[in-house]
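Here's a quick tour for anyone meeting this structure for the first time. Have a look at it below, and then we'll walk through a few of its parts.

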Amino acid sequence: MTVHFTQVAIIGVGLIGGSLGMILRRKGLADQVVGVGRRVENLKTAVELGAIDRYVADAKEGVRGADLVILATPVDTYDRHLKEWASCLSPGAIVSDVGSVKGALVEQSEASLPSGVHFVGAHPIAGKEKTGVAAGTDQLFKGARCILTPTSKTDAQALERVRALWQETGSVVLTMDPRLHDQILGAVSHLPHVAAFALITALADLRDREIASLDLAVHSGGGLRDTTRIAASSPEMWRDIFLWNRDNVVHFIDAYQQALQDLKRLIQSGDAAGIEKALERAKDERDKLNPRSAVSA
């Protein structure tokens, strides 16, 4: 399906929104790409980098006349945004997003739109720890997965247009129930972020309370940097993800704590065979991971 939009409004021109804008403009998928955001300097940079054609401060002005609006802000802001400007959308317009949480958020967004305006949930799994449009690239989504989360209310034509858009970015597009999405991503993305944030915090606490000479920057090797890389991600974004997917995240933290306790018990008891067996199982599972399927947000 060939896809083209007259006007695309991107609410939140950061890494994901900016990269999508670059692709829209480079491939001629939209006549005009309008950016809406909080920081004028970032929006000016977005124009300079070719992510958007122009920007506006007033979201109502930005979405008026748009046939596609992309929500690329922290997920907790969706409701506020939609209440502010949904009434300005034209019949037939599509609203989509790039959020890492779906579930109740999709239901809320659908309910906030006027009749004749369509919501299609989307989650491009291509984030990285750097944020802002300056980190954007028109190659960000190439080979990455993008999960669409339609419901019984999703307009079929709108769904296919959004699918075609993400295929144009080079993404491998999958379709998934919104609540199943939150279970799976809670396990393979949200829990690893919890672990990374908690690990770096635990090490900082050890430094501050017990080992004053521990310099995390000087003494750390590749293992610590690799394990905690995603702890450099946006606290604002991940705060909202954890809260919107809290039931799954808390359940998976319990499972992770159990795995830590099991390994702790083996180490405490000096069970060399048990430790090796546990580590072998972990190594076997890690060896099965395909780098192209890595999930970072």
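Let's start with two helices: the axes of α11 (residues 246–268) and α12 (residues 272–287) come within 8 Å and cross at roughly 150 degrees. That makes α11 roughly antiparallel to α12 (the term is for angles over 145 degrees). The residues that touch, with heavy atoms within 4.5 Å, are these:

| Helix | Residues in the contact |
|---|---|
| α11 (residues 246–268) | L263, L266 and I267 |
| α12 (residues 272–287) | G274, I275, A278 and L279 |

A word on the source: this is a predicted model, where local features need pLDDT of at least 70 and side-chain atom pairs count only at pLDDT 80 or more, while totals for chains, interfaces and linings use all residues. Residues are numbered from 1 along each chain as its sequence is written, and side-chain values use heavy atoms, leaving out hydrogens and water.

Now for the sheet. Six strands form an open, parallel sheet in the order β3-β2-β1-β4-β5-β6, where strands pair if DSSP finds at least two bridges between them. At the edges sit β3 (54–56) and β6 (118–120), each pairing on one side only. Further in, four bridges join β4 to β5 (residues 94–97), and L71 has D97 of β5 as its bridge partner. Helix α4 packs on the sheet, touching β1 (5–11), β4 and β5.

Finally, T77 lies in the loop between β4 (68–71) and α4 (78–85). Is T77 buried or exposed? With 13% relative accessibility, T77 counts as buried (under 20% relative accessible area, 1.4 Å probe, protein chains only).

Methods
Buried < 20%, exposed > 50% of the residue type's maximum accessible area, 1.4 Å probe, protein only. Axes fitted to C-alpha atoms, helices over the stretch in contact; angles between N-to-C directions. Parallel < 35°, antiparallel > 145°, perpendicular 65-115°, else oblique.
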